[in-house]
Amino acid sequence: MASLPPSLSSLLFLTLTLILISISPAFSTPRQALDDHQDQLMKTGFKITLNHIDSGGNFTNSERLYRAVKRSSQRRQKFNEIVLTAKHPKLKTTVYAGVGEYVMNFSIGTPPKSYYGIMDTGSNLIWTQCQPCLYCVPQPVPLFDPKKSSTFSNVSCSSKLCLDLQYSDCNPFYGCVYIYRYESGVTSGFLGTETFTFEKVKVPKVTFGCGLFNLGAGFTEGLIGLGRGPLSLVSQLGEPTFSYCLTSWNGSKPSTLLIGSHASVNSSGGGGEIKTTPLIQNRKQPTFYYLSLEGITIGSTRLPVNKTTFALHADGSGGLIIDSGTTITQLAESAYILVLQEFISQVKPPPVDARNSTGLDLCFELPSDPSDRVEIPPLVFHFKDADLDLPKENYMITNSSLGVTCLAMGVSGDTLSIFGNIQQQNILVVYDLYKETLSFMLTECDKF
């Protein structure tokens, strides 16, 4: 296991060890044996309902837009810091972005207890807040108590998944204890295995973090990591295919996450044209899903973007990832400037400044006559082997109350670009980790 730096990590481990030793012995419930149920589960797959993190709040469209753009900017900054950390590993410990846009309901234990957690393709660990809590984020339901579940068992310190954690330690009573850091906070506790229930489908022996110290802005009751690491849900299931279909960002209808056989474009029944592009692996950042973006066309103009702008560099910087938790696409500055200039040259009337109310850089005033409209040029992202022609609502956000329509994109640093979830709405997005591909298919996600 990795040695811990003299920092918050070592302090938390010391605190955890002293308190865990003092409270109670390890749980002795035996691990539930695998049966034919999980084999059948992987043959049939299962479906999970997703809800936007703001869908339950009493927000206007303007407020939802501003909140979403602000979260997107914060997440982009965190991703850039992650990449910089990889380039200079002595600066600080590995962190993950955390705090995404979509939450999912699941149950833990026997008998099952219901919780919510963020779906995050940018991290790996599955975790929830547990008893005996040292510091927990307030939540509306009681914390998960492993003592009250007949299917809970601790994870040993010699377990491969314990060893896969960058920072873990061994506790004499609780086995593998961990710290998992996000830029917005930290979760720390012990690893366990438990039966998780997703939409009435039971999945036994899922390894997850029982968080006893959970500190972070925007945290919910937990998080379901869908990254490429061994601790993520998709990796633990051994299921190489998952997909999601996100409804309109400002609507109230739920979105869908599919795992297993139902996740493929061939079984979706959508009937749209399928566009497939390779997934790229970054050894410096193995959690993230990288794509090869080769160019951008606005109207009939292919932008003169340098071929190196979106290239993945040997030090782990650069490149473009697709992310479920980032609202708007964030482009490297040199490409972003070209995008802004081209939209300004092709769209009439001239732009207006609405950054204070929208958080977006480029907005156009809506005509006072409802019969008139702003003519918006088509936008195509040229991924390797896949030209994705985006519907206008996937890159222009119209706010009638503010009287503007705005480009749903922002600027990233030079370390990383991000393909955001507004650009992915009403598209079935399929991750095939066996073929190392990602596929797009235009779909009415509210009817999915």
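Colleague: Are Tyr115 and Phe144 buried or exposed?
Modeller: In this predicted model, Tyr115 and Phe144 are both buried.

Colleague: Why is the pair of Tyr115 and Phe144 called edge-to-face?
Modeller: The ring centres are 6.4 Å apart, and a pair needs centres within 6.5 Å. The planes stand at 90 degrees, and over 60 counts as edge-to-face. The pair of Tyr115 and Phe144 is therefore edge-to-face.

Colleague: What makes this pair a tie between parts of the chain?
Modeller: Tyr115 belongs to strand S3, whereas Phe144 sits in the loop between strand S4 and strand S5, so the pair ties together parts 29 residues apart in sequence.

Colleague: Why is the pair of Phe343 and Tyr395 called tilted?
Modeller: Its centres lie 6.2 Å apart, which is within 6.5 Å. Its planes are at 50 degrees; stacked needs under 30 degrees and edge-to-face over 60. The pair therefore counts as tilted.

Colleague: Where do Phe343 and Tyr395 lie?
Modeller: Phe343 is in helix H6, and Tyr395 is in the loop between strand S22 and strand S23, so parts 52 residues apart in sequence are tied together. Both Phe343 and Tyr395 are buried.

Colleague: How many aromatic pairs does the structure hold?
Modeller: There are 21 aromatic pairs. Tyr115 and Phe144 also belong to one aromatic cluster, whose members include Phe46, Phe106 and Phe208.

Colleague: Which residues have the most contacts inside the largest nonpolar core?
Modeller: That core has 71 residues, and those with the most contacts inside it are Leu257, Ile322, Phe343, Phe381, Phe383 and Phe440. Apart from this core lies another, of 15 residues, among them Ile118 and Leu191.

Notes:
Residues numbered from 1 in each chain as written. Predicted model: local features only at pLDDT ≥ 70, side-chain atom pairs only at ≥ 80, totals over all residues. Heavy atoms only, no water. Phe/Tyr/Trp six-rings, centres within 6.5 Å; stacked < 30°, edge-to-face > 60°. Helix = DSSP H or I, 4+ residues; strand = E, 2+ residues; numbered from the N terminus. Buried < 20%, exposed > 50% of the residue type's maximum accessible area, 1.4 Å probe, protein only. Core = buried A, V, L, I, M, F, W, Y, C linked by side-chain atoms within 4.5 Å.
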